[in-house]
Each structure stands twice: as C-alpha cells, then as structure tokens.
Amino acid sequence: MNDIVRIFDTTLRDGEQSPGCSMNIEEKIRVAHQLAALKVDVIEAGFPVASPGDFEAVREVARKVKGPIICGLARAVEKDIDAAWDAVKEAEHPRIHTFIATSDLHLQFKLKMSREQVLERAVWAVRHARKHTEDVEFSAEDAARSDVDFLCRVVEAVIEAGATTVNIPDTVGYAIPEEFGRLIARILEKVSHIDRAVISVHCHNDLGLAVSNSLAAVRNGARQVECTINGIGERAGNAAMEEVVMAIRTRKNFFDVTTGIDTKRIHQTSRLVSDITGMLVQANKAVVGANAFAHESGIHQDGFLKKQETYEIMTPESIGLSKSTLVLGKHSGRHAFRTRLDEMGYHLSDEEVNRAFERFKNLADAKKEIFDEDIIALIAEEVYRMPDIYELESMEAHSITGERPRARVRMRVDGERVEMESTGDGPVDAAYSAIKKITKNDSPLVGYFVKGITGGTDAQGEVTTRVREGDQIFIGQGSDTDIIVASAKSYVNALNKLENWRRNRKWE
Ligand code: KIV
Ligand code: ZN
C-alpha cells in the first residue's frame with residue numbers, strides 16, 4: 001500500500017445540473033465548506049461562463065474555501081477558459097478544467113469538426129489554460145464511446161501540451177466495468193509520458209454502473225475519481241462519492257489504495273446536500289440511506305448482536321453516525337448543547353449557538369428526547385438560512401369532520417405584520433392558501449414531501465416543498481413536531497428563496 005486516489009467532487013457543477021437542484025451562492029459556499037471539512041482533494045465549483053451567477057459562485061468559493069483545489073469548468077474556447085481563470089484565480093490552489101468531446105458521434109453531430117480539428121483544439125485549449133496556471137485538467141467528453149486509438153492520441157497530445165490531469169469520462173453511462181477498466185489500462189499502457197499526468201475518471205449512472213465503473217478504473221490505474229455527494233448529477237447522476245470512498249476503505253486489501261476523505265463527515269455532508277437540493281436520499285441507498293445500518297430480520301439481529309461483523313461490513317460510526325443517537329433532553333444546558341454540536345462537526349459562532357439553543361429549548365419542551373437527526377434539522381433551519389423576507393409568526397389550523405378545513409396565518413412581510421385566513425381541501429392546503437394570499441405569490445407548488453425524523457408520535461416531521469417559477473425550482477425545508485407547522489415553514493422557506501432570487505436575480 002499504497003497509492004492515493006484523489007477525490008474530485010463535482011456536486012456543485014455536475015451535481016447542480018440535476019433537474020431541480022440549483023443552489024444559490026450562499027448554499028454553494030456552505031456545501032463547499034463542508035466538502036473542505038470532508039477533505040476532498042478538488043472541488044469543481046461550477047461552470048463560470050454559463051451565467052453571471054455561476055461565475056460569482058465559483059469566485060466566492062475560490063475566495064472563501066481553503067484546503068482543496070478549486071476548479072472551474074470551461075469548454076475548449078477562449079472566453080470559457082479566461083472566465084474560468086478569472087473565477088478561480090484567487091483560490092489557494094486554482095485549477096482550470098477544459099473539455100472537448102472525442103467520440104465520432106459528438107464530432108459529427110454536435111461539434112461538426114474533424115478528428116484533426118478536435119485534436120488541435122484540445123492542444124490549443126490546454127496551452128491557453130497553461131498560460132494562466134500550472135494546474136490544468138483536460139477531459140475527453142464521451143471518451144467511453146470514442147475510438148480508442150484516437151482517444152490515446154488526444155491524451156498524449158494534451159499531456160505534451162501541459163495537462164496535469166487527464167479525465168476519461170463515461171459521459172452517458174454506457175460503459176461496463178470490465179470494459180471501462182480495460183480502457184484505462186490501455187491508455188496507461190499506450191500513451192507515452194502518461195506518468196506526467198494523473199488519470200481521472202468521471203462516470204455517469206445511466207445503467208446504475210457509475211460506481212462500479214469508477215472502481216474498475218481505479219483497479220486499472222486511475223488515480224482521480226470524479227463524483228458527487230449522494231450521486232446527484234445529470235440525468236441518472238454521477239458516481240456517488242460516499243460509495244466510491246467506502247468501497248475503497250472497506251475493501252482496502254483488494255484495491256490497495258486509499259483516499260484522504262474524513263469518512264466521519266460523510267453522513268453530515270449527505271444530509272446537507274439533500275437538505276439544500278431537496279433531492280431526498282432513498283432509504284435503501286448504499287452507505288447514507290436511512291436503512292443502510294438497520295437490521296430488521298430476527299436472524300440478522302441475532303447474529304449482529306453476537307458479533308457486529310456478521311451482518312455489518314462497515315460501522316455506522318465510520319460515516320459519522322453515532323452509536324447512541326440519543327443526545328440531549330430538556331435539562332441539557334447550553335454547554336452540553338455546544339459540545340454536542342462540536343462533536344457533530346458544527347463549529348458555530350456564539351451568536352449562531354445562541355439562536356440554535358433557543359430553538360432547541362422549545363423543541364425539548366415539545367419532545368422528550370432529542371436525537372442527532374433532530375439537531376441536524378434544527379441547525380439547517382435555524383442557522384443555515386438566508387435572511388428572510390417572509391417570517392412565519394404563528395398559525396392555527398382547524399380540521400373538523402364534515403367541515404371545510406380552515407387556517408389562519410400570521411406573518412411578517414419585510415417586517416410588516418400581515419394576517420390572513422383561508423380554507424382548503426385539508427389543513428395544509430388551507431394554510432398554504434393563506435400564505436399565498438399574504439405573499440401574493442401564486443407560483444405553482446410542484447413538490448411536497450413529508451418525512452419523519454426519528455421515531456415516536458412526538459417525532460419531528462420534516463417537510464420539503466418545491467415551488468416553480470419559470471424554469472427555476474425553489475426548495476424549502478421545515479421541521480416541527482406539528483406537521484402542519486412544518487409544512488407552513490417549508491413553504492415559507494421556499495417562497496423566501498424565490499423572492500430573494502426575484503429581488504437580486506443573482507443566480508440563474
Ligand atoms: O460527463 C461529462 O463528460 C462531463 C465533462 C464535462 C467532464 O461532465
Ligand atoms: Zn458529467
């Protein structure tokens with residue numbers, strides 16, 4: 001042992017390309033800080049030329065987030081490369097990532113270029129990027145469907161031109177692990193001076209093989225894996241970082257490589273990305289799903305209690321789930337609360353702790369036992385929130401059999417108190433109708449999901465709402481022991497994001 005496999009996280013770029021997953025700048029910075037704490041090697045922060053909002057987000061991440069390399073994506077054209085450099089140049093460790101497709105299909109129908117022209121453009125792009133920085137990555141888009149000899153020529157030429165990382169994407173998730181592993185082996189074998197660059201892979205999940213393909217590539221010499229938290233990304237997504245990392249860790253004798261990831265932060269990171277993007281993690285998802293460490297059948301429970309390893313190949317603690325998840329109760333003081341936050345990886349300012357503690361005390365009045373999951377929801381709602389235009393002050397909802405449900409909602413709009421009453425098909429519908437009247441916002445609600453946090457009838461409910469305006473989706477989160485209140489909070493949160501966006505038009 002043992003080579004290091006670099007983890008290149010593209011949650012903020014390819015991940016954000018998932019339908020309905022767009023994040024605002026504050027959210028991107030929060031995710032980037034978390035990725036730095038997780039110790040990823042590279043953060044691909046966005047595609048700066050795509051929009052002014054993208055540019056600003058990449059620049060802010062580059063300015064504020066220390067530790068990992070901060071990378072900006074660019075097509076193989078001058079304005080993209082220059083914009084990527086302008087956005088990342090203030091980073092501690094900046095990188096430009098430039099790409100052009102190499103498959104005949106893309107050449108013929110998309111680029112309308114010959115192989116020679118593509119080769120020339122790839123070399124030009126790398127040379128141009130190298131004028132700005134020594135850290136240049138080149139990607140051969142749709143490499144998995146490219147002619148292997150041509151692909152090898154391109155890889156060799158871009159290394160000659162100064163690319164320090166060469167990425168081999170399976171852009172459409174078409175590859176099969178054995179075949180993809182062979183492709184990487186072939187490139188490493190055929191290309192001269194291959195040792196001057198790190199070979200990277202970037203696999204999409206259209207056939208559910210993104211992680212398997214990435215691992216096959218690692219077995220065959222790839223030393224950078226591009227992936228996203230929870231596997232979000234274009235179409236069926238990208239390779240899930242937590243799966244790649246935990247496979248390498250759990251089967252270290254097999255892979256004989258290691259990553260620098262602090263795996264104890266995986267759960268928290270997964271949760272943060274899911275909260276911000278509104279992309280819920282399925283319960284049976286590997287590593288981070290709610291059932292990933294749950295043992296239901298009697299035989300399994302019996303074996304597990306006798307020896308954990310009988311049915312558990314990795315521990316919940318290794319991804320940051322504490323064994324005893326019971327944390328605090330109503331008599332816990334501020335100090336115990338702060339200590340628990342620190343243990344969970346939240347290093348907050350005094351002001352943030354005070355705000356969260358107040359909310360914690362209210363929750364502890366409504367609920368006997370507070371679990372880690374409750375705290376995560378509370379922090380997401382109380383601390384990591386942009387300044388509100390709309391504030392939910394109070395509400396009441398009535399639902400009597402045989403009568404049309406009614407709700408009365410009191411809010412502050414830009415500081416002014418407004419109160420409205422409305423009816424609806426159910427109490428949530430009535431509350432939403434009152435909120436719509438108050439905010440004068442009629443954007444369609446396109447998603448509403450309820451999830452229980454922890455067990456018991458006093459458990460908090462967590463509600464995710466999605467509101468659409470044009471082709472933008474705004475995601476709101478709310479949690480409370482009262483599900484109607486959680487629903488209202490979630491809706492108001494989504495409307496706040498929408499209204500902030502309308503007023504600033506800073507992110508698209
Ligand atoms: O999937 C892909 O090919 C990409 C490249 C831009 C790396 O996302
Ligand atoms: Zn991709």
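**Group meeting: a zinc site and a parallel barrel**

Okay, let's start with two residues: D14 is buried, and H202 is buried as well. When I say buried I mean under 20% relative accessible area, exposed is over 50%, and partly exposed is in between, with a 1.4 Å probe and protein chains only.

Quick housekeeping. This is a predicted model, with local features needing pLDDT of at least 70 and side-chain atom pairs counting only at pLDDT 80 or more, while totals for chains, interfaces and linings use all residues. Residues are numbered from 1 along each chain as its sequence is written, chains are lettered from A and ligands numbered from 1 in the order in which they are written, and side-chain values use heavy atoms, with hydrogens and water left out.

Back to D14 and H202. Which residues coordinate the zinc ion, ligand 2? They are D14 through OD, H202 through NE2 and H204 through NE2, at 2.0 to 2.1 Å. A donor here is an N, O or S atom within 2.8 Å of the metal (3.2 Å for Na, K and Ca), and water is not among the atoms, so sites may look incomplete. Along the chain, the donors of this zinc ion are spaced as D-x187-H-x1-H. D14 is in the loop between β2 (6-9) and α1 (25-38), while H202 is in strand β8 (residues 198-203), so the pair ties together parts that are 188 residues apart in sequence. The helix and strand numbers, by the way, are DSSP runs counted from the N terminus: H or I over at least four residues for helices, E over at least two for strands.

Now the barrel. It is closed by eight strands in the order β2-β3-β4-β5-β6-β7-β8-β9, with parallel pairing. On average, neighbouring strands of this sheet are turned by 25° against each other, ignoring direction. Two strands count as paired if DSSP finds at least two bridges between them. Angles like that one run from 0 to 180 degrees between N-to-C directions, using axes fitted to C-alpha atoms, for helices over the stretch in contact.

Let's look at a couple of those pairs. Strand β5 (residues 94-101) runs parallel to strand β6 (residues 136-141), with six bridges between them. A101 has E141 of β6 as its bridge partner.

Q224 has 0% relative accessibility, so it counts as buried. Its side chain makes a polar contact with the side chain of S200 at 3.0 Å. For a polar contact you need a pair of N or O atoms within 3.5 Å; within protein, one must be able to donate a hydrogen and the other to accept it, and residues adjacent in sequence count only if both atoms are side-chain atoms. Leaving out residues up to four places away in sequence, Q224 also touches others, including F8, R95, E137 and T165. Touching, or contact, means heavy atoms within 4.5 Å.

On to the helices. Helix α2 (residues 52-64) lies across β3 (42-46) and β4 (69-75), at about 150° to β3. Helix α3 (residues 78-88) lies across β4 and β5, at about 160° to β4. Which residues of α3 are buried? They are D80, I81, A83, A84, W85, A87 and V88, and they pack against α2, β4, β5 and α5 (115-132).

Compare helix α13 (residues 334-343), where the buried residues are F337, R340 and L341. Looking down the α13 axis, these fall within an arc of 100°, so they line one face of the helix; that arc is taken from the directions from the helix axis to the C-beta atoms. The face of α13 turned away from them carries the exposed residues H335 and E343.

Most residues other than glycine have a negative phi. N230, in the loop between β9 and α9 (241-250), has a positive phi of about 65°. V287 also has a positive phi, near 70°, and is in the loop between α11 (266-277) and α12 (298-306). N230 is buried at 12% relative accessibility, and V287 is buried at 6%.
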